[in-house]
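Dear colleague,

I am handing over the structure we spoke about, together with some notes on what turned up in it. Please look at it alongside the text below.

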Amino acid sequence: MNENPRNFPPVSTTAPGPRHLLWLVLPLIVLVAAALWLLQGDQLRGFNNGAPPVENLTVERTVLDEDGLRLQVRAGSSEPMTIAQVQVDSAYWQFRQEPSGAISRGDTAWVAIPFPWVLGEAHKVTFVTNTGATFDHEIPVAVPTSKVSGGGLASQALLGAFVGILPVAIGLLCYPALRGAGRNAMTFLLAMTVGLLAFLLVDTMIEALELANEAAPVFQGAVMVVLVAAASFLALVAIGRRHGGSPTGLALATYIAIGIGLHNFGEGLAIGAAFAAGAAGLGTFLVLGFALHNITEGIGIAAPILNIRPKIVHFLGLAMLAGGPAVLGIWLGSLAVAPHWTAIALAVGAGAIAQVIVEVTALVAKGHDARGDYTRMLNSAAFGGLAAGLAFMYVTAMLVKI
Amino acid sequence: MLRWTQAALSRRSLLLGGGAATIGATTICASKTVAQEGHGDHGAPATVQMSGTTPSQHSAHGAMITVGTVDSDRNGFHPTEILTDWYTGTVTDLPDGRKLRTFEITAEDKEIEIAPGVMFPAWTYNGRVPGPALRATEGERLRIIFRNFGSHPHSMHFHGIHSARMDGVPGAGVIAPGDEFVYEFDARPFGCHLYHCHALPLARHLHKGMYGLFVVDPDPARHPDHQDVAKSRLLGSPENAEWQELAMIMNAFDTNFDGENEFYACNTIAHCYAKEPIRIEKDRPVRIYLVNITEFDPINSFHLHGNFFDYFDQGTTLTPTLRMVDLIMQCQAQRGLLEFTYREHEAGLYMFHAHQSEFTELGWMGMFDVVETLS
Ligand SMILES: [Cu+2]
């Protein structure tokens, strides 16, 4: 007897025909029939023990203006739920709900309360449903929600350029100095890029998961973040290797810029959200710390293109790709985006960073000869670079921690 | 790296230095009322005018009020009717010449609407919260036939003087669902008392709604020194008819069972007398039988606007225990009589409320609509 599975005959030798199709349709029919039986016969009635429905309400956006408070809420209950009364700071207030009536599972509604909020103070909004369940929402610092204005957008763009584009550009300015680097220096630089990207990956994932926790439960926070990150990682790897082999040179630099750009987009969203929540007077040391922290990113982008001679327009493009999204992020974030959108943006960024880590590691491993061997990642230059990248990011991150 | 934005939010000194806040919150006009229209099946919008002859009572509280109206028909009791709805039972003669007064009370589980659109799974006496306001006369023999149609053991514990067997505590009058118990004792002392369920756990049975007024009127014949006062308190006497008497129970509801109340009220419905002010005839003196049965808060209070009153703590005296006050406070189960008049006042809306502002803002606030004559 030959037990080798490779020698087993194929399962079927006949061509697929109508009879085979039938075996696809039949399971479907059984499924539909089972579902109909469950719904028609009301088979689940026996499980109804009279307990009130499980209710859930998430506040996704909060707008404060001269008319009072407006909050966008998302229902996550087992049945449509009704907001019966609204308290602000433990007092009942009149409110207007748009659209009015019960809110279906997964749907959103705006609740407007003519509440005379106090600048700079904290307020608490409590929603009371018709079952008497309560859902609290804190407004830690009451400040008017920023409105879209030319001046505002311009000054936000300036800040975005300062924390996003400028540091990357400064990093790229090191290009001429790095050009003369020998093989070991190259390995060190690329490994340093991997190190800083590894830091960004962990940081981005943690932020994405935290934001996902604030999102409505229907989005299944952590699962959504992991799936989105994995999907964007696989998609970018597939795109990068569509011509076979891992990207190198300008292509790899572009991918690094995209990964860092998506991370900076997330950073921008957070800064914008801070604007929306009143953190307009961002401390100068915070902005400087941010900028310093991001300079390494420019060096990382420059590393793969040291052997080729890119045009000046390429440098400009890479700087915009890596830093520009910070501006977009600040604009969007200041408009008080729902947390699940921010979490998704950060998850995409995490996937992109993971792709770049893989490709840069592949480049380091390949080195200047064709022999691809990942043990190269363990030589002293590479190890030193990895440690330097992580350490630099870690230390500069301290500057922006409060 | 993004953590700092969240951390920064709690540091106002850092944040507000930027001065980006150009729109002052003070521009909000508190009198701007916004009502949620067509609230569920309650139909009426919240800014409904209750009294055509007076300015909107909402102006006194602006937009700070519950939205919508409660369906009193579905509840089976109306807060305005509760004010004057005394349950006097049936009276028969005993062989010794005394009167026997019999009350019939049932305990029922009932979902009631305690604020517009907010349902509460209550336990009730005779289907209402508070339970019926029992009223008897000093010296009568009382017989209370209590039937438990609820899903849990219940009882009636009366504040007053009675034997241990009639105490309405476990082992002496707490009965299982489907059972019946008859409490019997003499009506004494006269005063403003209460009854409530004393089954365990006590707090749960109380805040679910099992309480009510138990008033014993003084027998004028027994109080020759203060016969006029006694007569004025005796329900059915011509002297009593001159008074406007109101039954008020300060209560509250913990709707999410977290040990704190979401709604405070006088007679169960949050803001009920703010939306439907109590008509007071200017020339008739007012007497309020007031009980505090608020669970989870140690005290409640009653404050009257634009007036002062005499207070009879527990109602067991015929002379005031406090004179000329506009605020009294009551511990849980404390109660008393308030007597005052608007004879010298101009007609209009006069607020009354708990002077714990939190209670006021969560529903315990109402209005007296003082009018020349009741039409
Ligand atoms: Cu009970």
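Where in chain B is the place of B:His159? B:His159 sits in the loop between β7 (157–158) and β8 (180–186) of chain B, helices (H or I, at least four residues) and strands (E, at least two) being DSSP runs numbered from the N terminus.

Before the rest, a word on conventions. This is a predicted model, in which local features need pLDDT of at least 70 and side-chain atom pairs count only at pLDDT 80 or more, whereas totals for chains, interfaces and linings use all residues. Residues are numbered from 1 along each chain as its sequence is written, chains are lettered from A and ligands numbered from 1 in the order in which they are written, and side-chain values use heavy atoms, with hydrogens and water left out.

Leaving aside residues up to four places away in sequence, B:His159 touches B:His193, B:Leu194, B:His196, B:Phe214, B:Ala333 and B:Arg335, a contact meaning heavy atoms within 4.5 Å.

An unreviewed UniProt entry places the feature "binding site" at B:His154, B:His159, B:His196, B:Cys197, B:His205, B:Met210 and B:His355; the positions are given in the numbering used here, the feature names are shortened, and annotations may be inferred rather than shown by experiment. These residues are spread over 202 residues of sequence and also in space, with up to 32.9 Å between C-alpha atoms. One of them, B:Met210, lies in the loop between α5 (202–207) and β10 (211–217) of chain B and is buried, at a relative accessible area of 0%. Among the residues that B:Met210 touches, not counting those up to four places away in sequence, are B:His154, B:His196, B:Cys197 and B:His205, as well as B:Trp123 and B:Tyr125.

As for chain B overall, its secondary structure comes to nine helices and 21 strands, and 56% of its 375 residues count as buried. Among contacts in chain B between residues at least 6 apart in sequence, 71% join residues at least 24 apart. The accessible surface of this chain, from the Shrake-Rupley method with a 1.4 Å probe, comes to about 14,700 Å², and 52% of that belongs to carbon and sulfur atoms.

Over all chains the structure holds 22 salt bridges, each defined as a side-chain nitrogen of Lys or Arg within 4 Å of a carboxyl oxygen of Asp or Glu. In one of them B:Glu140 pairs with B:Arg101, with the closest N and O atoms 2.7 Å apart. Because B:Glu140 lies in the loop between β5 (133–137) and β6 (141–148) of chain B and B:Arg101 in strand β3 (residues 99–115), the pair ties together parts that are 39 residues apart in sequence. B:Glu140 is buried, with a relative accessible area of 8%, and B:Arg101 is buried as well, at 10%.

A salt bridge also joins B:Glu245 to B:Arg135 (2.8 Å, N to O). This pair links distant parts of the chain, with B:Glu245 in strand β11 (residues 244–253) and B:Arg135 in strand β5, 110 residues apart, and both residues are buried.

Technical notes: Buried means under 20% relative accessible area, exposed over 50%, partly exposed in between (1.4 Å probe, protein chains only).
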